[in-house]
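Please read the numbered points alongside the sequence and the model.

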Amino acid sequence: ACRVVAARGRLMDALAGGGVMVAVEASEEEVSPYLTEGVSVAAVNAPGSVVVSGEAGAVQGVVERFAGLGRRTRSLAVSHAFHSVLMEPMLEEFRRVVEGVSFGPARLSVVSTLSGGVAGAEFSTPEYWVRQVREAVRFADAVEWLAGEGVSTFLEVGPDAALSPMAVRCLDDQACVVPFQRREQDETVTALRALAELFVHGTPVDWTKTLPGAPSRQVPLPTYAFQHERYWPAAVTGMGGGADFGLDAAFWDVVEREDPEELSRVLAVAGDASLGEVVPALASWRRGRRERFEVDGWRYRAVWRPAPVGPSAEQRLSGRWLAVIPAGTAEQADIREVLAALSAAGAEVVPVEVGADADRN
């Protein structure tokens, strides 16, 4: 592997310069009709995002066409026009180097950016690595293939987050894309942050190996909601326990007092009624009480309480007070006294006259 990497770098460095690479906001299908012998698609990075590479003049012709359509373009800072026709002078010598290397079968599945799918037996052939120098990098195809197989977590291992933004554009909102490092940030902190993000998205992390010597005690996180405050209205409970006691208290008070006349009145039966008459009466009384109890639970009641008014700050009124008065009564003495008292207590009084035929709407 070291021989292949070294030979590839040496041969590329020996190539003549003069080529350029430009990122273009366009799909491969849109760009392909305008490619000539001197320009190639070097990379398919994301939907609507490709890189064209090759001779400066040929590349410029493609770039100007799409720039004229309002598409974004960006020149890349590169030493050579990689994955283009300008790589061809090194291919034969590179082939000879690769043919002198022994290949073994891959022990892990590899998704190839040359084909955009799982690499097969061709991955262990010299021809595959020669093609990899010249042909386009199909990064978007590889990411989309993984997503189609159910992969939803992606970790970029490299010196910076160069590929993560492109991967995000290939995936839906549920995917987790994490760069292991970021340029000009503390390496250890960035790596731990990446592992933590993977962990909270469901990826197992062996923290005992990640942080050897650190305390192994796990601290459980608080459950939602952290403040333990309930905002939903409390539902009316069923007819059991304390509800039964409150509902039937009056009835059982009559029974305990052994007052047959009152019991006859409560059940609405004659004083000499038989058991056959009393039981249906009890059932009817019970149903009626239950219905009234449940309806009472739906009601609300406005309660008016006197507000203490005095010279202290705590007893002063504040804010705007809406005074609803009958229409045509604003000049009556009693109305004027009430409004004046509110104002003297510190309220900003806004009188609203309402006619006798007005309703709540």
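Is Glu184 buried or exposed?

1. Glu184 is exposed, since its relative accessible area is 81% and the cut-off for that class is over 50%. The residue sits in the loop between strand 6 and helix 8 (187-200). Its backbone also deserves attention: Glu184 is not a glycine, yet its phi is positive, at about 65°. Most residues other than glycine have a negative phi.

2. The model under discussion is a predicted one. Its chain has 361 residues, and buried residues make up 28% of them. The secondary structure consists of 13 helices and eight strands. The chain exposes about 25000 Å², of which carbon and sulfur atoms supply 55%. Of the contacts between residues at least 6 apart in sequence, 60% join residues at least 24 apart.

3. Helix 1 (residues 2-14) packs with helix 4 (residues 91-99) at an angle of about 170°, and their axes are 10 Å apart. The two helices are therefore roughly antiparallel, as the angle is over the 145 degrees required for that description. Their crossing is right-handed. On the side of helix 1, the contact involves Arg3, Val4, Ala7, Arg8, Arg10 and Leu11; on the side of helix 4, it involves Glu93, Phe94 and Val97. By class, these residues comprise five nonpolar, no polar and four charged.

4. Helix 4 has a further partner in helix 5 (126-134). The axes of helix 4 and helix 5 come within 9 Å and cross at roughly 145°, and this crossing is right-handed. Helix 4 contributes Leu91, Phe94, Arg95, Val98 and Glu99, which meet Pro126, Glu127, Trp129, Val130, Val133 and Arg134 in helix 5. The contact is made up of seven nonpolar, no polar and four charged residues.

5. Leaving aside neighbours within four places in sequence, Ser84 is in contact with Ser40, Ser53, Gly54 and Arg134. The phi of His83 is near 55°, a positive value in a residue other than glycine.

6. Which residues does Gly116 touch, not counting those up to four places away in sequence? They are Arg138, Asp141, Ala142 and Trp145. Gly116 belongs to the loop between helix 4 and helix 5 and is buried, with a relative accessible area of 9%. Its C-alpha atom is separated by 8.6 Å from that of Val137, which is 21 residues away along the chain.

7. Gln174 is found in the loop between helix 7 (164-170) and strand 6 (176-179). With 67% relative accessibility, Gln174 counts as exposed. The C-alpha atoms of Gln174 and His201 are separated by 10.0 Å, and the two residues are 27 apart along the chain.

Key:
Residues numbered from 1 in each chain as written. Predicted model: local features only at pLDDT ≥ 70, side-chain atom pairs only at ≥ 80, totals over all residues. Heavy atoms only, no water. Helix = DSSP H or I, 4+ residues; strand = E, 2+ residues; numbered from the N terminus. Buried < 20%, exposed > 50% of the residue type's maximum accessible area, 1.4 Å probe, protein only. Contact = heavy atoms within 4.5 Å. Areas by Shrake-Rupley, 256 points an atom, 1.4 Å probe, with all protein chains shown as cover. Axes fitted to C-alpha atoms, helices over the stretch in contact; angles between N-to-C directions. Parallel < 35°, antiparallel > 145°, perpendicular 65-115°, else oblique. Left-handed = near helix turned anticlockwise from the far one by under 90°. Nonpolar A, V, L, I, M, F, W, Y, C, P; charged D, E, K, R; others polar.
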